[in-house]
Amino acid sequence: MDLSYAKEDEEFRRELRAWLRKHLPKRGELDGGENLSYADPRRVQAAKAWQRTLYKAGYVAIGWPKEYGGQGASIVRQTILNEELVLHRAPTLIGMMGIQMVGPTLITHGTEEQKKRFLPKILTADEIWCQGYSEPGAGSDLASLKTRAEIDGDDFVINGQKVWTSAAQIADWMFCLVRTDPNAPKHKGISYVLIDMKTPGITVRPLVQMTGEPGFNEVFFNDVRVPRTNLVGKLNEGWLVANSTLHHERNMLASTTRTQQLMNDLIELAQRRTRNGVKASRDPVVRQRLADLQIRVEAMKYHSLKQLSDAIHGRSPGIGASINKLVTTELNHDICAAALDILGSFGPLAKNAPHVERRGSWPKDHMFTLGMIIGGGTSQIQKNIIAERGLGLPKGA
């Protein structure tokens, strides 16, 4: 495997770095230095403005086809862009679920009218999306979902409930799974529809997480009318479309570059903080723990490079996304746990407390990364996928 970049790709990286040095928001600028909740309207508007700035410079969804607003860029340049945004600590794009989940799904499965209607506003963050998959009783076993959509003239009429819906309180649209044939086998009677969140009959109730922020929501549908033209793919065959979105979600959650950044922060912390009068990085127990974590980070990095090579050469990614999701999310949580152990009694300090580290982000990241092990398909689900589809083991083994 050749790990070197082509000359023109290195030039792309240099241009990108120069642009970021000039335009990147300063730390805390998006929330006015007030540590605003991500759902605060002031922060939402600032985050949208940052995405539009990136888009105008040609750095949003560069891998999308040019006819849909992208640059038709290679997967190598997408990877370089992702790496540089993380390494420069650029704010996460507010429209990430649109860009990395429903956008690619529409490009593959949507009608031409749907692509023209929705894709441009995903790129500019004029419309924010949320995912309507999980329900009470249908999380790990997603195909057991019970939210019903009945056909009435040119509309679906939807009734039911979704839960753990990230960003629903700020979303303009939802990509949603609904049951359209209750008599079919559970994987066969599902359809994939796009729902305007301002439609009458929709109620959103935020759920406060252990991080203290209402990132998740419950969403209730009471006779919600959705045009049948918002169906993506074929009626009752939404499971195929849903799996396309899930594949993109696993790749989105498994950023090895962000994991490397977390690891770098942990090493810097160990070199600066003291334990029993000496630098934590000189404690043999801490050093062993750092070494174990760094080995796991390096293994993930090379696994991602293998995936990149497979993609360039047109080889199927297979179960690669599940491996990435499983290992990266658990590794992120373990890195944060190590940071809290180094901080000792200072570890749990909240964001505005005296002597707090990283504006209180270590304990917050520790709790958030635990959620990421569960979200997007739990570790147990990923292990089942790897065992059954990768290793060929029988179901239930």
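Leaving aside neighbours within four places in sequence, which residues is Leu194 in contact with? I looked this up in the model, which is a predicted one. Leu194 touches Val102, Leu106, Phe118, Trp129, Trp173, Met174, Phe175, Val226, Asn230 and Val232.

**Entry 1: the cores**

I then looked at the core around Leu194. Tyr192 and Leu194 have the most contacts inside the largest nonpolar core, which has 53 residues. I noted the elements that give two or more residues to this core: helix 1 (7–23), helix 2 (41–56), helix 3 (75–87), helix 4 (96–109), helix 5 (112–123), strand 4 (173–179), strand 5 (190–196) and helix 6 (238–253). Helix 4 supplies the largest share, six residues. I also found a second, separate core of 20 residues, with Leu262, Leu293, Ile335 and Cys336 among them. In soluble globular proteins, nonpolar side chains tend to be buried together.

**Entry 2: helix 4**

I took helix 4 next. Ten of the 14 residues of helix 4 are buried, so I put it down as mostly covered. I listed the buried ones as Met97, Gly98, Ile99, Met101, Val102, Gly103, Pro104, Thr105, Leu106 and Ile107.

Helix 4 has a kink of about 35° at Val102, shortly before the proline Pro104.

**Entry 3: helix 1**

I went on to helix 1, which has 17 residues. From first C-alpha to last, helix 1 reaches 25 Å, close to the 24 Å expected at 1.5 Å a residue. I find Asp9, Phe12, Arg13, Leu16, Trp19 and Leu20 buried in helix 1. Seen down the helix axis, these buried residues fall within an arc of 130°, so they line one face of helix 1. Lys7, Arg21 and Lys22 are exposed on the other side of helix 1. I looked for what covers the buried residues of helix 1, and found that the cover includes helix 2 and helix 3.

**Entry 4: salt bridges**

How many salt bridges does the structure hold? I have 21. Side chains of opposite charge can pair when their charged atoms come close. I looked up three of the pairs.

Glu84 pairs with Arg17, with the closest N and O atoms 2.8 Å apart. Glu84 is in helix 3 and Arg17 in helix 1, so the pair ties together parts that are 67 residues apart in sequence. Is Glu84 buried or exposed? Glu84 counts as buried because its relative accessibility is 0%, whereas Arg17, at 34%, counts as partly exposed. I also find Glu10, Arg13, Arg17, Glu83 and Glu84 linked in a network of salt bridges.

Asp152 forms a salt bridge with Arg225, the closest N and O atoms being 3.0 Å apart. Asp152 lies in strand 2 (residues 148–152) and Arg225 in strand 7 (residues 216–227), so this pair ties together parts that are 73 residues apart in sequence. I noted Asp152 as partly exposed, with a relative accessible area of 40%. Arg225 is also partly exposed, at 39%.

My last pair is Lys198 and Asp196, whose side chains meet in a salt bridge at 3.6 Å, N to O. Lys198 counts as exposed at 63% relative accessibility, and Asp196 counts as partly exposed at 24%.

Key. Residues numbered from 1 in each chain as written. Predicted model: local features only at pLDDT ≥ 70, side-chain atom pairs only at ≥ 80, totals over all residues. Heavy atoms only, no water. Core = buried A, V, L, I, M, F, W, Y, C linked by side-chain atoms within 4.5 Å. Buried < 20%, exposed > 50% of the residue type's maximum accessible area, 1.4 Å probe, protein only. Helix = DSSP H or I, 4+ residues; strand = E, 2+ residues; numbered from the N terminus. Contact = heavy atoms within 4.5 Å. Bend = angle between axes of the 7 residues up to and from the residue. Expected span 1.5 Å × (residues − 1). Arc of directions from axis to C-beta. Salt bridge = Lys/Arg side-chain N within 4 Å of Asp/Glu carboxyl O.
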